[in-house]
Amino acid sequence: MARAPAPRSPWRRRLSITIKLLIALAVLAVGALVTAVYIARAQLPSFEELKSSPNGQMIRVHAVDGTVLVSIGPSYGEWLPFDRIPRVMRDATIAVEDKRFYSHLGVDPIGVARSVKVRLDRGRWVQGGSTITQQLARNVFLNNQKKFGRKFREWILALAMERKFTKDQVLELYLNKVYYGGGAYGIDAASRKFFGHGANRLSLSEAAIIAGLVKAPSNYSPTADAQAAVDRAQVVLRVMAENGVISASEAADADPNAVKLAPEPKQNSVRYFTDWALPQLELLIDETERPLEVWTTLDLNMQRAADAAIRANAPGGAQGALVALDRDGAVRAMVGGKDYVSSIYNRATQAQRQPGSAFKLFVYLAALEAGMTPESTVVDEPVTIGGWSPRNSSRRFSGQVTLRTAFAYSLNTVAAKLGQQVGFTTVADMARRFGITSSINTHPSMVLGTSDVRLIDMTRAFASVANKGVAVTPFGITKVTANNEVIYEHEVDRSRVLVAPYVAAQMTDLLQTAVNTGTGRAAQIGRPVAGKTGTTSSSKDGWFLGFSSGLTTGVWMGRDDAKPIGGLQGGAAPARAFAQFMGKAVAARPIEQFETEVTLPEWQLEPDEESYFGEPDNSIFVDESGAPVAVDGVPVPDESYGRGIERPSPRGERPVPEGYDEEPSAPAALDQRLDQDWIDRVTGREPPREPRRDRRPQPPPIEERPYQ
């Protein structure tokens, strides 16, 4: 009698079921993978379409005359067909990036396993195991996020590409599209950038350098770190020899150290302007793919003149900056430092420095708006405000003087009196109204320029005065086109009135006098100029800002570390730089006389100040220590301040002195008393009569000037 078969153990039955399930799942997975690959293959662009598709967005920046200032973004060389790509370049790339390129199906299982092992050994992903086909798929269709979902899509695309294209086509696409650093896409662009010739002439050493860049373009770039590029090239040569594509003697004979690099293009001061203007594109347009043509306001002739003026006049060890605005706010020239290559820091738009007496522009604007005129008189005498006692740089007092005389000679005591009379918060409001964006304190010493400001903001304020009190907003981009389609065009806003035209006209009168007879005489250029000097304590900063013939220019000079510079005064080097630049910048423009005699009829004056100038500024002001102060009240300063004791500025860098501005002021002990009669005599004015006639001052003969 046959024995009954022994029953199968439960664990064997479970194992059998598990194996069958796994086989079924594997079959389903393979089926899904094959389906996904062929779906992706059907959706892939053709080889010709991939050849013509760009990587990244190209931006070309033009000057006002159409000259290309700079090209930013990817650069492409000539597309090299497979048979024109040097064999050493193909071999070097395959050796260092994917030595089994011609044997795998698009994904290399051995490479994936190796990367997983390294991941387990080191606890982090070090090697991605990506093949050349995977890298091409990632560069063209995906991003560099290190996530499994992205990696899986990369595998699918790589397998699909290998089903659609030949190996040679994949390698041709890769070598013509991969990023090699410095904005260069493809071997021809990289060869031209680094070696100055096309990729069809690459030597073995040059090919090794380029092939080594793919792993980390920024780290191994020969222009960024030549030694790192050479070391990486040596690794490529060694791997090529190990793989048998070159002999050991060929690897030894190749010398990456002997490779001559193409000289880097000179980076001139134009880059200060483009670095400032181009980030604004993100606010102006939302085009991120099509190549862009950006048309700017920069005048290359003015830019060259500005660069030369700063280099020629900035004291040794000091930096200089210059901004020139046209009457509509167009930036015609911008210099952010003496040398862009050594320092890309833009002192025209980024640096915040104390303006000294140049800040008095806002003090006098507030006084004029409050009803005073250039002929109004103030007594130049010792004054103490809340324990602060300003002094004139001459250490003398001139008695009763007009506002015109006080402004021309930058009398600090008069500025302090005016600030106290109109209110220090009113002066701060005026500065903000005219475009000062940095923090402004309301301590009494603020009238002498103790708050840090930017050069471009101060230049904007002076340009608004020149524009008859209408706000001027600096801009650098006039038009942007994409494939010949205009996608942005700048429109000038002329609707914001900051002060009444007669106030701007009176301020222009004061500014013109400062250049004709006062501290700004070095800024004269043989045509009407209006402007103001500024000098801070111990000559740490020198400023000159002014306008003529529709062009407003601001100049700053000083050290980045704010250390004193002997002899640096606003009326010296900055004023000379202004004159040198403006003499060339406005040479082709018609001479314009200032309209300083504007008087509005009473019926044209708005009875409600807010309806004319807009809502009052509700900004919060701070004192020297950074604490908020009341808007309607004058803060009470520290009692010790102003009695010869220096008090730190809010940043703790530069002390605020008791007298502050160190520019030449009017002499008091001369045969001629500095009063209105004297100023009228040297400027050729007639004594005041009613109605008031044109009283634009003319430069006095040299021998009649109060000092040289």
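## A bridge across the sequence

Let's start with a pair of oppositely charged side chains: Glu592 and Arg327 meet in a salt bridge, with a nitrogen-to-oxygen distance of 2.7 Å. Keep in mind as you look at the structure that this is a predicted model. Where do Glu592 and Arg327 lie? Glu592 belongs to the loop between α22 (573-585) and α23 (609-613), while Arg327 sits in the loop between β6 (319-326) and β7 (331-335), so the pair ties together parts that are 265 residues apart in sequence.

## Other salt bridges

How many salt bridges does a search of the whole structure find? There are 26 of them. Some share partners: Glu287, Arg290 and Glu485 are joined in this way into one network.

Now find Asp326 and Arg332, whose side chains form a salt bridge at 3.0 Å from N to O. Both Asp326 and Arg332 are buried.

Next, turn to helix α13, which covers residues 270-277. Asp275 and Arg271 both lie in this helix, 4 residues apart, and that spacing is about one turn of the helix. Their side chains meet in a salt bridge, with 3.5 Å between N and O. Asp275 has a relative accessible area of 33%, so this residue is partly exposed.

## Two helices that pack together

Finally, here is a pair of helices to trace. Two packed helices are described by the angle between their axes and the distance between the axes. Helix α16 spans residues 360-369 and helix α18 spans residues 412-422; they pack at an angle of about 50°, and their axes are 9 Å apart. Because of that angle, α16 is oblique to α18. The crossing of the two helices is left-handed.

Which residues make the contact between α16 and α18? From α16 come Lys360, Val363, Tyr364, Ala366 and Ala367. From α18 come Asn412, Val414, Ala415, Leu418, Gly419 and Val422. Sorted by kind, the residues of this contact comprise 8 nonpolar, 2 polar and 1 charged.

How values were computed:
Residues are numbered from 1 along each chain as its sequence is written. This is a predicted model: local features need pLDDT of at least 70, side-chain atom pairs count only at pLDDT 80 or more; totals for chains, interfaces and linings use all residues. Side-chain values use heavy atoms; hydrogens and water are left out. Axes are lines fitted to C-alpha atoms, for helices over the stretch in contact, and angles run from 0 to 180 degrees between N-to-C directions. Angles under 35 degrees count as roughly parallel, over 145 as roughly antiparallel, 65 to 115 as roughly perpendicular and the rest as oblique. A crossing is left-handed if the near helix is turned anticlockwise from the far one by less than a right angle, and right-handed if clockwise. Contact means heavy atoms within 4.5 Å. Ala, Val, Leu, Ile, Met, Phe, Trp, Tyr, Cys and Pro count as nonpolar, Asp, Glu, Lys and Arg as charged, and the others, Gly among them, as polar. A salt bridge is a side-chain nitrogen of Lys or Arg within 4 Å of a carboxyl oxygen of Asp or Glu. Buried means under 20% relative accessible area, exposed over 50%, partly exposed in between (1.4 Å probe, protein chains only).
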